[in-house]
Amino acid sequence: MAITTVPGAGRAPGRPAPSSPAGPPRTSLGRKVRDNLTGHTFLIGAVLCFAVFSWYPMVRGVVMSFQRTRRGETTWVGWDNYLRILDDPSFWTAWKNTFYFTALALVLGYAVPFFVAILLNEFRHAQGYLRILVYLPVMLPPASALFLFKFYAYDPSDAGLFNAILKSLGLPTSQWMQSPEMTMPAMVIASTWMNMGGAVLIYLASLQNIPGELYEAAELDGAGVWRRIRHVTIPQTRLILALLAMLQIVATMQLFIEPLILANGAGAEDSATSVAYLIYQHGFFQNDLNGAAALGVIMLVVLAGFSAVYLRLTAKQD
Amino acid sequence: MSVPQYRKAAALALVAGLGLSLTACSTKSDDASNDASGKVTITVDCQPVGAQKELLQNWNEDVAEFQRQNTDIVIKSVSVGEQCNNPPDFTARLAGGTVTDVFYGYMTDLQQVLDSGQAMDISEFATTETIPTWDSVDPALKEVFTDGGKLYAVPVKNYSMGLVYNKVLFQQAGLDVNNPPKTWPEVRDAAKKISALGDGIAGYAEYSAGNTGGWHFTSLLYSQGGQVLTADGTRADFNNAMGKQVLQNLRDMRYGDDSMGARQLLQWGDLLTNAGAGKVGMFIGAPDTTQAIVSQFQGKFEDWAMGPLPGQDGAAKGTLGGGEGYFFKKDLTPEQVRAGLKWIAYQKLTPGKGQFDYVRAKPQNYPVGLPQPLLFTNGSEAQKQELELRRANANVDTANFVLFEANPVPIKGEPRNAQAIYAVLDAAMSGVLTNPNANIDALLKTAEEKVNQILAAQS
């Protein structure tokens with residue numbers, strides 16, 4: 001490492017070094033590192049972790065998506081894997097299913113926690129207990145929660161929990177996961193139940209930061225509940241709403257565990273096949289790791305696109 | 001130690017630990033194939049897990065005895081949990097290059113193993129010198145693991161499918177337990193009678209998820225005389241009258257007769273769980289499904305029997321065969337390959353030893369007397385010895401399998417790219433089992449397009 005001579009070094013203590021006419025003296029890189037040794041040491045660890053476990057697999061995936069391995073020989077095949085994946089009849093089915101799930105999740109999984117948070121915020125008593133009750137499903141491992149839905153709630157016979165409720169209300173029962181039409185709504189219901197607690201707590205924290213005077217002023221102006229929500233609550237929480245919408249889109253588009261457990265994979269007539277599940281199929285059942293990598297890269301690009309749009313929108317809002 | 005010093009030390013320890021762990025990850029676990037004493041070391045997978053106490057004890061006994069007989073060989077056995085029957089896990093290990101020196105695979109895995117570049121040509125090593133019973137092993141099974149005239153694995157298990165049925169439910173439904181259905185129309189009639197018992201009992205149960213639907217579609221198609229791929233293996237060949245008949249039979253039973261139970265999208269464990277609970281009258285399967293029903297799903301051996309796979313109008317024209325074997329990792333030394341073959345020979349291919357040690361298995365309540373593994377050629381010396389030992393030590397009622405054994409159906413192997421094709425055919429199976437208005441023609445046409453595309457991509 002090069003050692004830079006610092007002006008004033010070697011002078012007798014107590015005598016200040018003359019300042020540069022252009023401003024404060026420039027500190028060398030080595031000095032900067034030495035001054036923040038602990039921080040940099042931690043930084044190296046973090047960077048190594050990210051490099052090895054996050055960035056390298058991504059780069060490797062991109063490289064693999066342009067290669068083909070046969071008989072242990074790897075060759076560059078350009079866009080072949082991408083063209084092949086685009087030709088896969090399941091490709092568009094998977095995207096259609098995934099977007100459908102995401103749209104439903106935005107309607108249900110995104111809106112419901114917000115309104116639950118508003119309700120919780122309105123309760124003045126037992127709020128702590130209510131928060132725990134709402135958060136409880138998050139503590140259940142996703143696989144356990146989904147098995148509960150699969151074998152207990154979504155049992156297609158009349159003995160199933162939901163069918164028993166529907167029957168007691170005089171409503172027609174459903175085949176749930178066995179019906180191609182009900183597959184996605186059923187997966188969204190289960191997913192919302194599993195994940196709602198976390199979102200509710202975030203919304204609740206955001207709601208409690210809204211100054212009470214705003215509501216008082218709105219009430220004085222004669223605003224009812226819905227107008228208060230529309231003109232005070234939503235504008236005051238718009239940043240957190242936008243952030244959670246983005247996270248919701250990114251998370252729901254990676255739909256995987258729900259099809260795997262609730263639908264045993266592809267579901268009735270491929271109605272549960274998501275993009276992430278299709279990646280799994282290509283990689284682990286079709287002996288096509290290169291195709292899986294190409295599909296993974298396509299998904300990465302789509303999600304990066306959504307994230308870029310989000311960043312642009314929120315930057316404008318700020 | 002002051003706080004800043006402590007933080008520095010912690011940071012350095014963290015980085016050092018990370019570095020060490022990364023180094024450890026990149027280090028080969030065992031390079032000592034030939035140690036200083038001249039011993040040859042090989043790693044082998046599929047050691048039973050700790051929870052399988054008796055199986056693990058048997059394995060360890062086998063390793064100890066084998067090493068006593070072959071003092072120049074060291075067996076390092078590895079337990080990889082579900083790897084031995086979990087395709088995704090196997091794929092990951094194969095792609096990551098972490099398979100053991102001698103590693104287990106399905107008969108359907110040959111192409112995948114070859115593509116990974118992990119397999120070694122063992123043609124010149126697999127002889128009666130390394131495997132004394134080699135000449136008795138069914139040549140058709142060796143052929144399954146052969147590509148371009150080169151042998152890549154040693155077969156250690158073989159099965160074929162038949163009709164598995166619950167004798168208790170047959171009796172309750174007024175059916176003859178000694179005369180199971182021989183045709184699909186007879187299966188349909190019997191299923192109606194069994195499901196009429198109520199209590200959520202399915203007269204006949206079938207898979208439609210997790211690749212198992214396509215697996216059984218293939219077997220049902222074979223029973224009609226059909227094939228999944230054309231003879232040259234380049235095109236799908238199930239979008240025809242026989243394929244339609246398979247799906248039509250199932251839709252008739254599911255929605256015409258309501259004899260297949262309410263819950264569908266079943267995969268392997270789901271069906272056997274229901275069977276173990278006495279909720280399934282009939283299904284197609286290999287003899288070892290009865291073993292799984294007993295050992296994993298709380299069923300009873302005496303409740304189950306097997307007949308041959310039914311055909312459409314008479315005897316089945318074919319049944320699906322499958323099985324497993326052991327591959328050898330590339331770049332092993334000749335000594336390691338010979339050592340591995342000797343171990344496989346001892347544990348898997350010697351009557352009276354390892355998997356054929358029926359004297360040991362009998363009191364442990366592992367089934368003895370099932371008509372498998374069908375490894376040895378009819379009339380071969382090894383088969384005679386194995387059959388004699390099996391009959392002498394049977395702990396299951398072999399009468400329950402007499403019909404299956406006495407009426408053999410021609411065995412057809414699994415198609416090329418079997419797992420990928422099975423995944424596609426799951427959709428056709430789930431279509432007729434979950435949608436009363438499913439369009440069978442459209443289901444078959446879509447599946448055909450997908451399979452052709454997979455085949456084109458693999459060519």
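Guide: Contact here means heavy atoms within 4.5 Å. The model is predicted, so local features need pLDDT of at least 70 and side-chain atom pairs count only at pLDDT 80 or more, while totals for chains, interfaces and linings use all residues. Residues are numbered from 1 along each chain as its sequence is written, chains are lettered from A in the order in which they are written, and side-chain values use heavy atoms, with hydrogens and water left out.

Visitor: How many residues of chain B are in contact with chain A?

Guide: In this model, 45 residues of chain B are in contact with 41 residues of chain A.

Visitor: What is the area buried between chain B and chain A?

Guide: The size of an interface is often given as the accessible area lost when the parts come together. Buried area is taken with a 1.4 Å probe and summed over both parts. Here the value is about 3,700 Å², and carbon and sulfur atoms give 58% of it. On the side of chain B, the most area is lost by B:Asp115, B:Leu265 and B:Gln453, together 15% of what that side buries.

Visitor: At what angle do helix α8 and helix α16 of chain B cross?

Guide: Helices are DSSP runs of H or I with at least four residues, and strands are runs of E with at least two, numbered from the N terminus. Axes are lines fitted to C-alpha atoms, for helices over the stretch in contact, and angles run from 0 to 180 degrees between N-to-C directions. The axes of α8(B), residues 212-224, and α16(B), residues 418-434, cross at roughly 80° and come within 6 Å. This makes the two helices roughly perpendicular, a term for angles of 65 to 115 degrees. Among the residues making the contact are B:Trp215 and B:Leu220 of α8(B), with B:Tyr422 and B:Met429 of α16(B).

Visitor: Is B:Trp184 buried or exposed?

Guide: Buried means under 20% relative accessible area, and exposed over 50%, with a 1.4 Å probe and protein chains only. B:Trp184 lies in helix α7, residues 184-195, of chain B. B:Trp184 is buried, its relative accessible area being 5%. Leaving out residues up to four places away in sequence, B:Trp184 touches several residues, including B:Leu220, B:Asn249 and B:Pro310. The C-alpha atoms of B:Trp184 and B:Asn249 are separated by 7.5 Å, although these residues are 65 residues apart along the chain.

Visitor: Which residues of helix α3 of chain B are buried?

Guide: In α3(B), residues 87-96, the buried residues are B:Pro88, B:Phe90, B:Thr91, B:Arg93 and B:Leu94. Their cover includes α13 (275-284) of chain A, together with β3 (102-106) and α4 (110-116) of chain B.

Terms used
Angles under 35 degrees count as roughly parallel, over 145 as roughly antiparallel, 65 to 115 as roughly perpendicular and the rest as oblique. Buried area is the accessible area (1.4 Å probe) that two parts lose on being put together, summed over both.
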